[in-house]
Each structure stands twice: as structure tokens, then as C-alpha cells.
Amino acid sequence: MRRLKGSLRSFCMSMNQQVEVLFEDFLWANSIFWTRALNIPLPHSYVFLGSCGDQQARADNDAHQEIDITAKDCSADENSKPSNTESIWVEGLVPGIDFCNHNVKALATWEVDSVGNATGIPASMYLLLADKSPAETGAEICINYGNKGNEELLYLYGFVVDNNPDDYLMVHYPLEALRQIQSADIKMKLLEMQKGELRCLLPRSLLDNGFFGIRSSEDKDSKKNTGPFSSFSWSGQRKVPSYLPKIVFPHEFMSTLRTIAMQEHELEQVASLLGEVGYSEDRETSCAAIQSAIWEVCGDQGALGLLVDLLGVKMAELEEGSGTEASDAELLEQFDSIQPEDYASESGEKHERKSKTNYRSCVVYRRGQKQLTRLFLREVEHLLELSAKEQS
């Protein structure tokens with residue numbers, strides 16, 4: 001074994017002297033790993049080699065012994081309980097499973113065999129048919145990579161899913177713009193006290209509960225709102241809006257937008273309300289109290305108007321240089337009208353077909369982002385209209 005390791009080490013050193021590793025080689029290796037990596041359970045003592053675990057773990061490696069998921073501390077005797085049984089999940093390649101493609105309706109799933117009951121090898125992994133019925137001969141075995149949006153699928157794995165139900169939209173308020181608004185220092189302090197986030201992920205599934213979603217009106221009406229201002233008003237002057245249970249945007253992000261959109265006179269009123277509950281710069285006030293005070297003074301009008309602007313800017317950025325959602329649909333129709341075998345015959349090179357396939361994936365992702373922006377924009381515009389009516 002030592003002689004083999006020495007030979008491999010010498011071979012690697014000679015290769016390093018003769019072959020220069022280029023950045024393109026790194027990109028290839030990085031892509032190969034991250035497009036196939038899975039979470040693998042390993043014993044804590046194997047991942048973090050301690051002072052007393054080093055010798056045993058290295059000896060096990062050299063002897064090619066199997067690693068027990070319940071590895072014991074080397075100072076423990078046979079009658080004592082294992083002191084280090086925690087499993088650490090490490091990303092790595094699993095031969096066989098790492099060749100499986102993704103499918104929402106996967107033919108198989110992978111499972112972890114911690115003690116080796118199924119495979120005979122502790123801390124191992126194996127494929128299991130999702131359906132008890134036998135698979136057809138020649139059928140491709142796919143697994144489900146998880147509920148991932150097209151952005152994650154495209155940048156990590158190089159493909160997308162048409163009409164992906166797990167797609168999402170990122171909306172954010174630029175920090176540079178926040179620093180330039182009126183009373184920026186005070187608002188940033190209030191956001192810090194609320195642990196406010198300037199970014200928000202909007203999953204497509206949120207739209208199901210909106211005004212134009214697929215859920216029934218009974219489901220919408222029965223939805224409970226857990227916001228801190230949903231059941232009381234400090235002054236008794238602001239009523240809980242009727243549309244509150246139907247807002248699809250996260251409460252935390254709406255609170256952030258209310259804070260940013262506040263006017264000078266509203267800031268003074270918020271400070272007055274917080275003073276009634278004993279707020280001062282030397283005394284910490286709860287996040288819920290701050291959010292309730294801001295809602296009591298401002299309502300939703302300013303936040304919804306700001307959200308309309310953010311989504312409008314998002315749409316303009318998406319359409320810049322690429323056209324509208326309809327333009328992307330036309331491009332996809334052109335791609336889909338070309339037969340797969342025509343790619344090679346037209347270009348004469350196989351990589352041209354791959355390039356066009358990648359280009360199509362980018363168009364699908366881009367169209368999906370425009371579609372989500374349009375749908376969320378429709379929701380917030382309707383909310384803004386309802387808010388104006390109830391406020392008047």
C-alpha cells in the first residue's frame with residue numbers, strides 16, 4: 001500500500017511538472033463536481049479529526065476499513081457510550097447516483113443506509129424505486145433534485161424546467177437608494193431594530209392564495225393572518241383592512257417597505273406612539289411594537305406604492321435588451337419548431353446543438369422571471385387600489 005501511494009505521488013508530481021493546469025480546467029472540474037454533488041453523511045470524527053481521533057481515523061483509511069457511523073472516541077472503553085455519534089453532511093460524489101438526471105416525477109429516490117442493513121456497508125447510499133411496480137427495460141432512472149427554482153437549476157446544473165412550479169422571484173430595495181432617502185439614519189435604525197430585510201424571495205406558490213390565484217374563495221377567506229397589528233389598534237382609528245388575509249407578500253418585507261416609505265410627519269407620530277409604551281434610545285423596544293406603531297400611523301398605502309415601483313423597475317431591467325414576455329415566447333416557438341436532428345445537420349458540429357439548447361434554457365428562465373414579475377405586479381396593483389378605497 002505504501003509503495004502504491006508513493007508511486008501515485010511521484011506520478012502526480014511528474015504530471016504537475018509537465019502539464020500546466022489552466023483556469024478552463026478548473027472551471028471544468030468545478031462544474032463536474034457541483035452539478036453532481038450530493039449530501040453524504042459521515043461520522044463527526046472522520047470529518048473533524050481530533051487529537052485522539054487522528055491516529056485511528058488515518059489508520060482506518062490506510063487499511064481501507066469501513067467507517068462506522070457511530071464511531072467511538074478512542075479514550076472510551078467498550079462499556080461506555082459513544083461520545084461522538086453525530087453525523088456530518090458533506091457534499092461529495094456518489095458513483096452511480098451522481099449520473100442520475102432530474103425529474104419532478106422521479107423513477108427512483110436515494111436513501112442513506114446508516115448501519116448497513118440494506119447494502120451491508122455502514123454510512124452508505126443506494127437507489128430505491130419510487131414506485132413498487134418494476135421499471136421498464138431501458139427506462140432512464142431519474143431522481144428528484146428537490147424543490148428548486150429555474151435560477152438555481154440553471155446556474156448549478158445547466159438546465160431548466162418549463163413552467164417550473166417551484167420558481168421564485170427576488171425583489172430587493174437597493175442599499176444605496178436607502179442611504180439617499182429622507183431621514184435615512186433614523187429609518188435604518190428602525191430597520192435594524194426590526195431586523196428588517198431589504199431582499200425578499202417570492203415563491204410562485206404564493207400566487208395561489210392571491211386575488212387571482214387558483215385557490216377557492218373559501219380557502220382565501222379562512223386564511224388566518226398572524227401579523228402583530230391584525231387584532232388591535234393603539235388609537236382605535238385605523239381599522240384592520242379587509243384585504244389583509246389575502247396579501248401574498250411576506251409580512252416582514254411589507255414592514256420593511258412601510259418603514260422606508262414613511263414621511264417626516266409620520267416619523268414623528270411613530271416616535272410619539274412608541275413613547276407611550278416607554279420607548280427611548282436607552283431602552284430596547286420589541287420588534288412587534290415598532291411594526292405595530294408604523295402600521296398604525298402609515299397603513300399600507302406607501303409600502304404598496306413602493307412595491308409597485310420596485311416591481312416596475314424589475315420588469316424594465318428584465319425587458320431591457322431582450323424584449324417582452326411575448327418576445328421570449330416567440331423565440332421558444334422557433335426553438336421548438338426545429339427538430340433535434342436538424343441542429344447537427346445545419347451547423348455540422350455537435351457543440352452547436354448544445355449551445356442552442358443552453359440558449360433556450362436561458363430564454364425559459366428569463367421568460368419565467370418576467371411572468372412572475374407581471375403576476376406579482378398585478379397582485380400589488382390590486383392591493384394598492386383596495387387600500388386607497390378603504391383609506392378614503
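Trainee: Leaving aside its neighbours within four places in sequence, with which residues is C142 in contact?

Mentor: A word on the basis comes first. This is a predicted model, in which local features need pLDDT of at least 70 and side-chain atom pairs count only at pLDDT 80 or more, while totals for chains, interfaces and linings use all residues. Residues are numbered from 1 along each chain as its sequence is written, and side-chain values use heavy atoms, with hydrogens and water left out. Contact means heavy atoms within 4.5 Å. By that criterion, C142 touches N101, H102, N103, A106, L107 and A108. The C-alpha atoms of C142 and N103 lie 5.9 Å apart, although 39 residues separate the two along the chain.

Trainee: Is C142 buried or exposed?

Mentor: Buried means under 20% relative accessible area, exposed over 50%, and partly exposed in between (1.4 Å probe, protein chains only). C142 counts as buried because its relative accessibility is 8%. Of the 392 residues in the protein chain, 32% are buried.

Trainee: At what angle do helix α9 and helix α11 pack?

Mentor: Axes are lines fitted to C-alpha atoms, for helices over the stretch in contact, and angles run from 0 to 180 degrees between N-to-C directions. Helices (H or I, at least four residues) are DSSP runs, numbered from the N terminus. Helix α9 (residues 251–261) packs against helix α11 (residues 287–298) at about 60°, with the axes 10 Å apart. Therefore α9 is oblique to α11, since angles under 35 degrees count as roughly parallel, over 145 as roughly antiparallel, 65 to 115 as roughly perpendicular and the rest as oblique.

Trainee: Which residues meet there?

Mentor: H251, S255, R258 and T259 in α9 meet Q291, I294 and W295 in α11.

Methods. Helix = DSSP H or I, 4+ residues; strand = E, 2+ residues; numbered from the N terminus.
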